[in-house]
Amino acid sequence: MNKKEFLDYMWKAEQLYRKFQKKWLNKSYIMRISDGNVINFSFYEQSFAHLVGIQINKLKESGLVPKNLQANDILEFIFFNPERFYRLIIQSGYKTKYFISSYYKEKLTVMKNICGFLPASLGFIVKFDTNKAFLVNDELKPNVEYLLGYKIDDGYGIIGIKKSSYGNYYPLTVLYYDKDSLKELLKYQTLLLPTYTKVKNIENEIISEYGLYEQEKIRKLKIYNSVFERQYGCVTNLTSDYIRTLEHTTNHLIEEKEQNRRFKEENYELQVSNINLSKENDALKQEVKKLKAMLKITGANENIDKYLKLKMDIFDGEDIDNSIIDRAFLAFTNKERTLLEYYYGLNGKDKLSWKEISNIYEISSVHYIINKLKNDFKNICLGLKIKNPYIELLTDREKLISLAFILPKEERDAFILKNGLFTCNRASNKEISETLGIPYVKVKKVIESAEEKVREMVKR
């Protein structure tokens, strides 16, 4: 490697190092994979030099750098004045190949093209078995436990990761493989899906999370089947993910059937008679007012601030009466209401963390769900405050069902599913399409038509 090549190499390595410091340093990736294992994966500053082909130990052995310096300090020393360091190498009688990997160009290419460690960014994950590799080529012995693959042009960039003595994983090697060499590396190996990943910062706070939805899993599996299984002889392990999905689906169906059964038993007479429960009982209202006044006088109203956290978070301190908040909860399904109660620690429940809520409900994007619920809840409360008749109707599920049964059958069934009136969940347009056999492109129009008719009925 001549001086020009060395300077070009060091310039590219420094650019990648700055990118590495900004994107990946001080972050940990907790990745759940389809065989049931969980990988806690982190980048360390000390490992970067090795990943781009600089062998720090050989530099220390040569005496070109002090032995007590950390790997990242040595990198900074070289990057500060690479031209001076090159002169030092030559004057000391060494050649750059003594401490720079002959694969440095491939390593730079791979590191440059790595876009991240979330499921969508990864081309594949392989649980590497050295015994299987030995059957193909007895010289093929990368000392790693998992291979993370990224599509680069006609080949793949590979990061090999290994478990440390502390139990977490770290990158040990980076290499580029073309189609032929990749076939040798992956022959008989086991492919895995990265089903869910969350990213934490140095304070152990979750800063992002991502899970593979069913359609993404299917798309990924098609690639696995057409490329890796057929061409490279791999097998795919989905054992744990299949069991989790089956358990979740089964529990959801059981819960939905139970909700249907209870509703039909408890509300049959109410549906048939179409009782108008929206008429307010003035006498009852007066009694409630008296009761509230008595509670204030006696100091027994211990729950006067029970919604304080919720108000400060959602309404920024705006004055919202507790009775409005109580009523707004009636517009939510059981699951939605429970999620907010868990999040704010309401009704005697302890406030749960994102992780605990995620584990209970099998939700990968808890942040998105909670934020959507908070926004919906705010809109409902404000609608109740200004006495919007349609918003008020949303809090009277019995009347909402009664009005739904006046609609044409297709609109009625879609409206009921969309608002979760018979279940604890609101159905998506896709689920409505599959359940009722309505073409997906038509579902939105059917729901909009049903909602418009309900609004018109409310105005009468």
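The model is a predicted one, so local features need pLDDT of at least 70 and side-chain atom pairs count only at pLDDT 80 or more, while totals for chains, interfaces and linings use all residues. Residues are numbered from 1 along each chain as its sequence is written, and side-chain values use heavy atoms, with hydrogens and water left out.

Helices (H or I, at least four residues) and strands (E, at least two) are DSSP runs numbered from the N terminus. Strand β1 spans residues 28–33, and five of its six residues are buried (under 20% relative accessible area with a 1.4 Å probe, protein chains only; exposed is over 50% and partly exposed lies in between). Two strands count as paired if DSSP finds at least two bridges between them. With β2 (residues 38–42), β1 pairs in the antiparallel sense over five bridges, and Ile 30 has Asn 40 of β2 as its bridge partner. The two strands make a hairpin with four residues between them, and Gly 36 in that turn has a positive phi of about 100°. β1 also pairs with β8 (residues 194–200), again antiparallel, over six bridges; here Met 31 has Thr 197 as its bridge partner.

Now for the backbone angles. Most residues other than glycine have a negative phi. Asp 153, however, has a positive phi near 55°. Asp 153 sits in the loop between β4 (146–152) and β5 (155–163) and is exposed, at 65% relative accessible area. Lys 387 likewise has a positive phi, about 60°, without being a glycine. Its loop runs between α16 (366–385) and α17 (389–394), and Lys 387 is exposed, with a relative accessible area of 61%.
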